[in-house]
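Okay, thanks for coming, everyone.

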Amino acid sequence: MSRKIMVFDTTLRDGEQSPGCSMNTEEKVALARQLERMNVDVIEAGFPVASIGDFEAVKSVAEALDRTIVAGLSRAHEKDIHRCYEAVSHARRGRIHTFLATSDIHLEAKLKISRAEALERAVAAVKYARNLVDDVEFSLEDAGRTDWDYMCQVVEAVIHAGAGTVNLPDTVGYTIPTEFHEMISYVMNRVPNIDKAVISLHCHNDLGLGVANSLAGIQAGAGQVECTINGIGERAGNAAMEEIVMALKTRANYFQAHTDIVTEEITRTSKLLSSIIGVEVQPNKAIVGKNAFAHEAGIHQHGVLSDKRTYEIMTPESVGLAKNDLVLGKHSGRHAFKARLEELGYQLKPEILQTAFEKFKALADRKKEIFDEDLEHIATEGMKQVEEWFVLDYVGTTAGSSIIPTSCVTIRIRDNGSERLVTETAIGDGPVEASFHAINKATGYMGKLLEYQVKAVSKGEDAVGDVTIKIQFEGLDRVVTGKGSSTDVLHGSALAYVDAANKARLRLDLIGREQSGDSEEVSEGV
Ligand SMILES: CC(=O)SCCNC(=O)CCNC(=O)[C@H](O)C(C)(C)COP(=O)(O)OP(=O)(O)OC[C@H]1O[C@@H](n2cnc3c(N)ncnc32)[C@H](O)[C@@H]1OP(=O)(O)O
Ligand SMILES: CC(C)C(=O)C(=O)O
Ligand SMILES: [Mg+2]
C-alpha cells in the first residue's frame, strides 16, 4: 500500500532566506496561489514577527488560500508565537510552526541554555501555541547534529504537549543518507507516542544531499517533507520539491509512497518563482533545468525518436513541459537532423540529405547552438543544390592609417565543367569594402552592401566569426543574404560576399529560364 507523504512548501519562508530572494506580499500571494494549484499540503508563508511586511505577507497568503494549510514560523517565545497566531488565524487552516535548537553546539554557543532548559522551553512553546490553534508543529533545529537519545526525549515531550507534527531538520546539511535514515528510524522506533504525530523532514543542501536525505527519511517512515521550489533556501538551499516529488512518482514501486502534487504544474511554478526572484535555475538542474529533457547526442536522439523511454525515465509532459527537446549540435546524428528538417517542412532526398548533414556537422563544430534558421539555410542550399560558380581562392588587403585600403582577390570561376582563375584589385573605404569591390570586378556581379553583421561563435583569440551580409545586386529583383565564417573577419566577409554572388547568379539564372519559358522547380530562399 502506498503511503501519502505530505508536502510542506517553505519557498516563501526558508526559500526567501536565500540572499537576493525576498518577495513582497503580492509576489508571495501569487506564488502561494500557484502552490495551491499544485496541491501542496502546507505552505509556510513567512516569519510573522520578523517585520510588518512579513506579517502582512503571511496574513495575506492566509486570506488568499482556500484549502491549503498556511503556516508561519516563530521562535519558542510567547511574543513570536502570538504574532504568528495573529497572521495564520486568517487562514481556513492555520498552523503555528515553532522551533528551538537541540544540538549541543547551538545550545551552548548560541542559546546558552542547558539541554534540560531547552526541553522545558520547547514544551512551554508548544503548549502556548496549542492554546491558540489546534495545528502546531515543533522543529528541533539542528536535529542532524543532536544527540539521538536527547532528541527522542524532546520528541516525546513535545508530542505529549500537543504538537501534531514534529520536524527533524538537518539544518546545516551535515548528515549523509544512510545516517539520516538510521536517525529517523531510531526516533520512530524509540519514541513511545510517535504514532500521535507526523514526523517531518527538512533537509538542507550544504553537501548536495538535501534530496537524498529527504528520500532516505521518507523510507525510514517520515510522513511530511519540507522543501522549496527550485531548491532555493538558506546557504546552498533546501531540498528541491520537484526532485523529491518526481523521485517518489518515478520510483513509486520502490518507495511505496506518493504525494498529491499535480506534477504537471511543476514547470510553471518553477518559472513563476524564477521570474519573481530573478534567479534562473542552472540548465542541468534536475526536472526544471532547461536541459532536463533535452537530448543532444546522436545515439540518444536516435533512441528517443524510436521510443522515448530509452533515455527518458519520466515524460516532459508529466512535469508540464510540452515535449522533449532534441537540441541539434555537434553530437547529433542523421535521425534527429532529418526529423527536425521534416518538422520544419523539408523533405530532402537521401543524397541531398547526406550533403546537408555534412554541412550541418561542419557548422555545429563552430557554433554552440544551431538554430532553425541555420537549418533552413542548409536545407534550402541542399534543395537548390547550389552549384558554386564562384569560389574564393585568395583574399589579401593592405590597410593602415596612411594607406588607401586596397584588396586583391582571386576567384575560381567554374562554368560548364571548365574552371579559370580571375584576379582583381580594388580600393574601398575600408579593407572589407575594398575586398567586396574586388569580388564585384572578378565575378562581374555588381552588388551594393545593405547590411553587415559579424558575430563571434566561439571564445578566445582564435574565435570564429560568422559574417552575415545583405546585398542588392544589379538586375536582381530581391536582396540576397550571404554567409561566411572564419577566424579572420576579412576572410569571413569575403566568403560571405562570394556566397551572395553565387546566390545572385542562381537567381538570375532562374529568372532567365522563367523568361525563356524553361521554368524548372527551384526552391525559394536565395
Ligand atoms: C534555521 C532557521 O532557518 S531559523 C529561522 C531563521 N530566520 C530568521 O532569523 C529570519 C527572521 N528573523 C528576524 O527577523 C530576527 O532574527 C528576529 C526578529 C527573529 C529576532 O531579532 P533580534 O531580536 O534582533 O535577535 P537576533 O536575530 O539578533 O538574535 C536572535 C535571538 O533569538 C534567540 N533565538 C534564536 N532561536 C531561538 C528560538 N528558536 N527560540 C527562542 N529564541 C531564539 C537568540 O538566542 C537571540 O537571542 P538574544 O537576542 O536574547 O541574544
Ligand atoms: C526552522 C527550521 C525548520 C529550519 O529552517 C531549519 O532547521 O533549517
Ligand atoms: Mg531551514
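Let's start at Asp-14, which lies in the loop between β2 (6-9) and α1 (25-38); helices (H or I, at least four residues) and strands (E, at least two) are DSSP runs, numbered from the N terminus. Quick housekeeping: this is a predicted model, where local features need pLDDT of at least 70 and side-chain atom pairs count only at pLDDT 80 or more, while totals for chains, interfaces and linings use all residues. Residues are numbered from 1 along each chain as its sequence is written, and chains are lettered from A and ligands numbered from 1 in the order in which they are written.

So, is Asp-14 buried or exposed? Buried, because 24 other C-beta atoms sit within 10 Å. The cut-offs: 20 or more other C-beta atoms within 10 Å of a residue's own is buried, 12 or fewer is exposed, in between is partly exposed, with C-beta atoms placed from the backbone.

Beyond residues up to four places away in sequence, Asp-14 touches Thr-228, Gly-233, Glu-234 and Asn-238; contact means C-beta atoms, placed from the backbone, within 7 Å.

Now Asn-238, in the loop between β9 (224-227) and α9 (241-250). Asn-238 is buried too, with 32 other C-beta atoms within 10 Å. Its contacts, leaving aside neighbours within four places in sequence, include Asp-14, His-204 and Cys-227.

Why these two? An unreviewed UniProt entry gives "binding site" at Asp-14, His-202, His-204 and Asn-238, in the numbering used here, with feature names shortened, and such annotations may be inferred rather than shown by experiment. They spread over 225 residues of sequence yet cluster in space, the largest C-alpha distance being 10.2 Å.

How values were computed:
Two residues are in contact if their C-beta atoms, placed from the backbone, lie within 7 Å.
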